[in-house]
Amino acid sequence: MTARLPVFPLATVLFPGLVLPLHIFEERYRHLVRDLVGRPEGMPREFGVVAIRSGWEVAPAGGRATPGGGEVTLHEVGCTAELRQVTELDDGGFDIVTVGRRRFRVAGVDREAAPYLTADVEWLPEPTGPDEAAELLAARVIAVFRQYLGLIRDDPQELSEQLPEDPTVLSHLVAATAVLTVADRQRLLAIDDTAARLRAELRLLNRESALLRQVRAVPVPLSELASPPAPN
């Protein structure tokens, strides 16, 4: 079964349960927010967030939803963003707060039906009940994730934060929080099985931790590695 969704292409990946604040300044997406706010009470106020595979979305002033810089291509799997808070700005734009809700696969994109992109989407399955394998993996992911956080954070107090016990919620949080590429996050979002997602995250966290330890072993300050060489 397919559904029709407004689509917002972004250079990021949204996961279920995660908060995504956005500053809306392009007219086509102002139109999208106005359409969502104007929906009848009880009707879902959500749109699809899909990561951009190539190209970028920049509309010409006063233009329709025509991608700037060549044809934009999107990843196949995205996540809906439910509108939770809307603040209208003096210039006609909006600051909005959304929360990721449910994953979908894009079946087809329509660039003409509205000022913004719309798409036919297929809802992806989510786990419904206890999964012993996922629960065992969740304990391992929490341990490795805390070690990873110790490498990327300077303040030990930040490591005391409570991590979710629910394996699926944990898998989404780790995918969104770890410093990963869009491609890595996209692969994690596309995995239907929680245990498989947690296994993939264990591999990624071990890879990233090894790289961080290697960089810290280099006998020069990290600040020098991030700075361009001084001119001769």
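Why does Asp184 count as buried? Asp184 counts as buried because its relative accessibility is 6%, where buried means under 20% relative accessible area, exposed over 50% and partly exposed in between, with a 1.4 Å probe and protein chains only.

Before we go on, a word on what you are looking at. This is a predicted model, in which local features need pLDDT of at least 70 and side-chain atom pairs count only at pLDDT 80 or more, while totals for chains, interfaces and linings use all residues. Residues are numbered from 1 along each chain as its sequence is written, and side-chain values use heavy atoms, with hydrogens and water left out.

Let us stay with Asp184 for a moment. Asp184 sits in helix α4, residues 182-189; helices (H or I, at least four residues) and strands (E, at least two) are DSSP runs, numbered from the N terminus. The side chains of Asp184 and Arg187 are joined by a polar contact of 2.5 Å. Such a contact is a pair of N or O atoms within 3.5 Å; within protein, one must be able to donate a hydrogen and the other to accept it, and residues adjacent in sequence count only if both atoms are side-chain atoms. Leaving aside residues up to four places away in sequence, Asp184 touches Leu204 and Arg207, contact meaning heavy atoms within 4.5 Å.

Now turn to the strands, where β6 (residues 94-110) can be your guide. Six bridges join β6 to β2 (residues 19-24), and the two run antiparallel; strands pair if DSSP finds at least two bridges between them. Val19 has Val99 in β6 as its bridge partner, and Leu22 stands opposite Ile96 in β6.

In a regular strand the side chains alternate between the two faces of the sheet.

Another antiparallel partner of β6 is β7 (residues 118-123), joined to β6 by six bridges, with Arg105 opposite Glu122 in β7.
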